[in-house]
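Trainee: I would like to go through the terms used for this model one at a time. Please set each value against its cut-off.

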Amino acid sequence: MSLLADRHALVTGAANGIGLAVAERLRAEGARVSSVDVEEGTEWRYDLADTKGLDALVDQIEAAGGPLDVLVSVAGIFEPATHDELTLESYRRVLAVNLDAPVFLARRCARGMAERAYGRILSVTSIHGQVGEERSLAYDISKAALNGATRTLAIELGPHGVLVNALAPGFVRTRMSVVDGQDELESDWFRTIYVENRKLPLRRPAEPAEIAAHAAWICSAENTYVTGQVLTVDGGLTVTF
């Protein structure tokens, strides 16, 4: 496989879950991948909530690995709270990681991409960008706003050869499915509503590699005309709403 041969890609949230799967798939497709995460196990360890340092981070990554052709922002956090439990500190941290970091990374990476008249920017959002759920206020806001940013960036960067898109997964088997110590994908609630009552047409959550497969094509040169889109990869979940 060589969809991304000789391309340099930056992937955030690459220590586990979807981010790790995307990094592995892009490497399998021939890309040089610079991986970023706040946790150990990636090439670049960085807390993406520190938005002010993102330009310097990209400078270092490009100095080490060459100009970036691809940016995939996967890193995200979820801090469950009802509207009256939500604190300003938690709210701002969720938006910093989930929204501000992808926007300002895109802003910085797009400069060089536009100069070279080629680039692919992809943000992993969520079906939470179009549907709501209790105890998810900050998370839902961050994902809906990032979908909006995707559309605006696509308009501004399209004339410069840079395509900007988003992937919106539904249920995916990652650490984020564990809330308050319970894996929701193994719960009676999930089995009853989404499997037995057919709320989820494919009757199962996605594996991270399935999301990564879509990311690889969207970020490749084979994608020549898809931009400004939010591709929902949810096993048919949202069509039952």
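This is a predicted model: local features need pLDDT of at least 70, side-chain atom pairs count only at pLDDT 80 or more; totals for chains, interfaces and linings use all residues.

Trainee: Which residues is threonine 12 in contact with, leaving aside its neighbours within four places in sequence?

Mentor: Contact (heavy atoms within 4.5 Å) holds for Gly19, Val36, Leu48, Val72, Ser73, Val74, Ala75 and Leu105. Threonine 12 itself is in strand S1, residues 8-12; strands (E, at least two residues) and helices (H or I, at least four) are DSSP runs, numbered from the N terminus.

Trainee: Why is threonine 12 called buried?

Mentor: Buried means under 20% relative accessible area, exposed over 50%, and partly exposed in between (1.4 Å probe, protein chains only). Threonine 12 has 2%, so it is buried.

Trainee: How do you know whether serine 136 is buried or exposed?

Mentor: Its relative accessibility is 3%, so serine 136 counts as buried. Serine 136 sits in the loop between strand S5 (119-124) and helix H4 (137-157). Beyond its neighbours within four places in sequence, serine 136 is in contact with Phe78, Ala81 and His128. Glutamate 79 is 57 residues from serine 136 in sequence, with 7.6 Å from C-alpha to C-alpha.

Trainee: What class does arginine 108 fall into, buried or exposed?

Mentor: Arginine 108 has a relative accessible area of 10%, and is therefore buried. Arginine 108 belongs to helix H3 and is in contact with Asp55, Val58, Asp59 and Glu62, neighbours within four places in sequence left aside. Serine 177 is 69 residues from arginine 108 in sequence, and their C-alpha atoms are 31 Å apart.

Trainee: Why is arginine 203 called partly exposed?

Mentor: The relative accessibility of arginine 203 is 33%, so it counts as partly exposed. Arginine 203 is in the loop between helix H5 (188-196) and helix H6 (208-218).

Trainee: What makes the phi of arginine 203 worth a remark?

Mentor: Most residues other than glycine have a negative phi. Phi of arginine 203 is near 60 degrees, a positive value in a residue other than glycine. Alanine 117, in the loop between H3 (88-116) and S5, also has a phi near 60 degrees.

Trainee: How do you know that the radius of gyration agrees with a compact globule?

Mentor: The radius is taken over C-alpha atoms, and the globule rule is 2.2 Å times the number of residues to the power 0.38. For 241 residues a compact globule would be near 18 Å and the chain has 17 Å, so the two agree. The chain has 6 helices and 9 strands, and 47% of its residues count as buried.

How values were computed. Residues are numbered from 1 along each chain as its sequence is written. Side-chain values use heavy atoms; hydrogens and water are left out.
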